[in-house]
Amino acid sequence: MTAIIRLILAVILFLASLLTVMRPPTYFVWEASIAVNEWGHYLAILGLLLLLPRWRTGAGKASSILAVISVLLLFSPLVRASSVARGLPARLGSAFGAAQPRSLPGAAPRNKPISVETLFRKPPSPEVTMTTFTYVVRDGIPFKMDVYRRDRPLSPAPLVIAIHGGSWSGGTRADLPELNSYLASRGYVVASPSYRFAPAFPHPAASQDIDAAITFLKTNAAQLGIDSTKIVLLGRSAGAQLALLAAYTRNDSSVKGVVSFYGPTDQKWGWNNPSDP
């Protein structure tokens with residue numbers, strides 16, 4: 001690797017690493033910041049590779065300094081997450097009461113909220129099967145959902161409905177297969193539905209689809225091995241907004257919880273302050 005190429009890569013990596021500590025100035029940079037914050041530990045490996053011999057002279061020294069700063073910044077989300085994780089069990093216990101996680105055959109123990117090891121290596125877990133179902137047909141178009149279950153399910157199992165993001169105008173139900181499989185391997189049934197997108201189908205089309213998905217899963221609970229009285233809605237970004245909306249408007253006692261990963265909650269403010277006028 002020549003000194004110039006290494007310097008160019010170091011500059012790019014440094015600019016990307018700034019997204020871990022700086023507020024993104026535009027919507028598209030914000031999208032990039034999500035990737036940098038979630039996958040920064042992999043980018044940090046590239047930074048370590050830039051610390052090669054002959055770094056003490058000229059461009060080599062400059063690229064090495066940038067690489068060191070980049071690596072520190074790229075690992076900072078993990079450091080901050082670890083700080084939160086240390087106090088998380090106590091906070092959850094204070095909010096919801098003390099509870100012991102179920103011991104599931106073949107699953108890795110859940111004794112830590114965050115594990116550096118499992119960021120780079122998939123933890124041992126039972127096998128999971130994914131099956132696709134059509135949950136509703138609208139204007140002749142089938143809308144599908146992927147259902148993740150253990151090969152040897154522990155029935156009836158609590159249900160997690162994972163709703164993908166994409167600014168209400170894109171994305172796919174296959175966005176988070178690792179998370180879906182992880183949860184399914186630990187005794188949950190996980191369903192990831194597709195839904196209609198704006199602007200072709202404005203609100204409340206997407207919400208209606210999520211409602212239809214919930215109805216389908218409850219109706220077919222016995223076939224799918226679901227405990228239809230224990231449902232949690234989970235989503236990120238636009239999917240989180242849809243999850244929150246369903247959780248707080250359905251008046252459904254079977255929905256026991258909702259998990260929002262950076263879901264937008266003030267739609268009026270967002271309309272008045274668009275990222276792209």
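**Group meeting: a sheet and its helices**

The accessible surface of this chain comes to about 16,200 Å², and 63% of that belongs to carbon and sulfur atoms. Areas here come from the Shrake-Rupley method with a 1.4 Å probe, and for residues only the protein chains shown count as cover. The model is predicted, so local features need pLDDT of at least 70 and side-chain atom pairs count only at pLDDT 80 or more, while totals for chains, interfaces and linings use all residues. Residues are numbered from 1 along each chain as its sequence is written, and side-chain values use heavy atoms, with hydrogens and water left out.

Of the 277 residues, 35% count as buried, meaning under 20% relative accessible area with a 1.4 Å probe and protein chains only; exposed is over 50%, and partly exposed lies in between. Contact means heavy atoms within 4.5 Å. Among contacts between residues at least 6 apart in sequence, 70% join residues at least 24 apart.

Now the elements. The chain has nine helices and six strands. These are DSSP runs numbered from the N terminus, with helices being H or I of at least four residues and strands E of at least two.

The six strands form an open sheet with mixed pairing, in the order β1-β2-β4-β3-β5-β6. Two strands pair if DSSP finds at least two bridges between them. Because β1 (128–138) and β6 (255–261) stand at the edges with a single partner strand each, one side of each has no neighbour in the sheet. From one strand to the next, the twist averages 20 degrees.

I will go through the pairs from β1. β1 and β2 run antiparallel and are joined by 10 bridges. T132 stands opposite D146 in β2, and R138 stands opposite I141 in β2. Their hairpin has two residues between the strands, and D139 takes a positive phi there, near 55 degrees. On to the next pair: β2 and β4 are antiparallel over four bridges, and D146 has S192 of β4 as its bridge partner. β4 (residues 189–193) and β3 (residues 157–163), by contrast, run parallel, with three bridges. In that pair, I161 stands opposite A191 in β4.

Next, the helices. Which residues of α5 (residues 177–185) are buried? They are N180, L183, A184 and S185. Their cover includes β1, β2 (141–150), β3 and β4. After α5 comes G187, with a positive phi near 105 degrees.

Helix α8 (residues 238–249) lies across β3, β5 (226–236) and β6, and runs at about 140 degrees to β5. For such angles, axes are lines fitted to C-alpha atoms, for helices over the stretch in contact, and the angles run from 0 to 180 degrees between N-to-C directions.

α8 also packs with α6 (residues 205–219), at an angle of about 65 degrees and with the axes 10 Å apart. A206, S207, I210, D211 and I214 of α6 make the contact with L242, L245 and A246 of α8. By class, that contact has six nonpolar, one polar and one charged residues. Nonpolar covers Ala, Val, Leu, Ile, Met, Phe, Trp, Tyr, Cys and Pro; charged covers Asp, Glu, Lys and Arg; the others, Gly among them, are polar.
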